[in-house]
Amino acid sequence: MATEKELSDFLKQAEKKAFKRTFYNVRDEDAALDILQDSMIKLSTHYGDKPVEELPLLFQRILSNTTLDWFRRQKTRNSHFTNLTEFANPDGMDDFDLLDVNSGDQGPQGESAEQWTGRLQTMQHIESAVMELPARQREAFLLRYWEELDVAETAAVMGCTEGSVKTHCSRAIQALHRLLSARGIQP
């Protein structure tokens, strides 16, 4: 059984990656924060008594389900209402600051401003390419390569077969390669 400290440490460790993954899916910073908070509360409330080694997969599954619930609510809400703020800012990206999310980037440390800016622009291109992926490909890609889950764990979180995970990841990698190559970014 996980102690309160172990649960707290796990949530602190998983927070940034989980936020980023959720933001990639919903493309709304406030919604991503709400989904992440709801997922953490659900894990703490309903599964806090589980062994600490079971927490990562449980949390990923809860996060995926909470994100799907958000999409369902959005679909229902959008079929009945129109949000006037959607007309003011069509891409919703003006308020997002990559530097706030990337805690590892504290500025140019040991590199020129040109190198730092180039690296930042490359990261922005990669992030926008990931956001262009279809939802299932993006989810599989982020779980496998961002969350570093193996194929079986990813399949369990996504609720599909291991073969589907491999197919989604393969297609995501091919799509990312095409998108990034078109933008002049080579591996």
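Student: Leaving aside neighbours within four places in sequence, which residues is Cys169 in contact with?
Tutor: Let's begin with the ground rules: this is a predicted model, where local features need pLDDT of at least 70, side-chain atom pairs count only at pLDDT 80 or more, and totals for chains, interfaces and linings use all residues. Residues are numbered from 1 along each chain as its sequence is written, and side-chain values use heavy atoms, leaving out hydrogens and water. With contact meaning heavy atoms within 4.5 Å, the partners of Cys169 are Ala140, Phe141, Arg144 and Tyr145.

Student: How far apart are the C-alpha atoms of Cys169 and Ala140?
Tutor: Find Cys169 in helix 9 (residues 162-182). Along the chain, Ala140 is 29 residues away from Cys169.

Student: Does Cys169 count as buried or exposed?
Tutor: We go by relative accessible area: buried is under 20%, exposed is over 50%, and partly exposed is in between (1.4 Å probe, protein chains only). Cys169 has a relative accessibility of 4%, so it counts as buried.

Student: Let's move to Asn25. What is its relative accessible area?
Tutor: Asn25 sits in helix 1 (residues 4-26). This residue is buried as well, because its relative accessible area is 11%.

Student: Which residues does Asn25 touch, apart from neighbours within four places in sequence?
Tutor: One partner is Arg138, whose side chain is joined to that of Asn25 by a polar contact of 3.1 Å. Altogether, Asn25 is in contact with Thr67, Phe71 and Arg138.

Student: How do helix 1 and helix 7 run, roughly parallel or roughly antiparallel?
Tutor: Two packed helices are described by the angle between their axes and the distance between the axes. Here the axes of helix 1 and helix 7 (residues 135-146) come within 10 Å and cross at roughly 165°. Angles under 35 degrees count as roughly parallel, over 145 as roughly antiparallel, 65 to 115 as roughly perpendicular and the rest as oblique. Therefore helix 1 and helix 7 are roughly antiparallel.

Student: How many charged residues are in the contact of helix 1 with helix 7?
Tutor: From helix 1 come Lys17, Lys20, Arg21, Tyr24 and Asn25, and they meet Arg138, Glu139, Leu142, Leu143 and Trp146 of helix 7. Four of the residues in this contact are nonpolar and one is polar, while the number of charged ones is five.

Student: At what angle do the axes of helix 1 and helix 2 cross?
Tutor: Helix 2 covers residues 29-47. Among the residues meeting here are Leu7 and Phe10 from helix 1, with Met40 and Leu43 from helix 2. The two axes come within 9 Å, and they cross at roughly 145°.

Methods. Helix = DSSP H or I, 4+ residues; strand = E, 2+ residues; numbered from the N terminus. Polar contact = N/O pair within 3.5 Å; in protein donor to acceptor, adjacent residues only side chain to side chain. Axes fitted to C-alpha atoms, helices over the stretch in contact; angles between N-to-C directions. Nonpolar A, V, L, I, M, F, W, Y, C, P; charged D, E, K, R; others polar.
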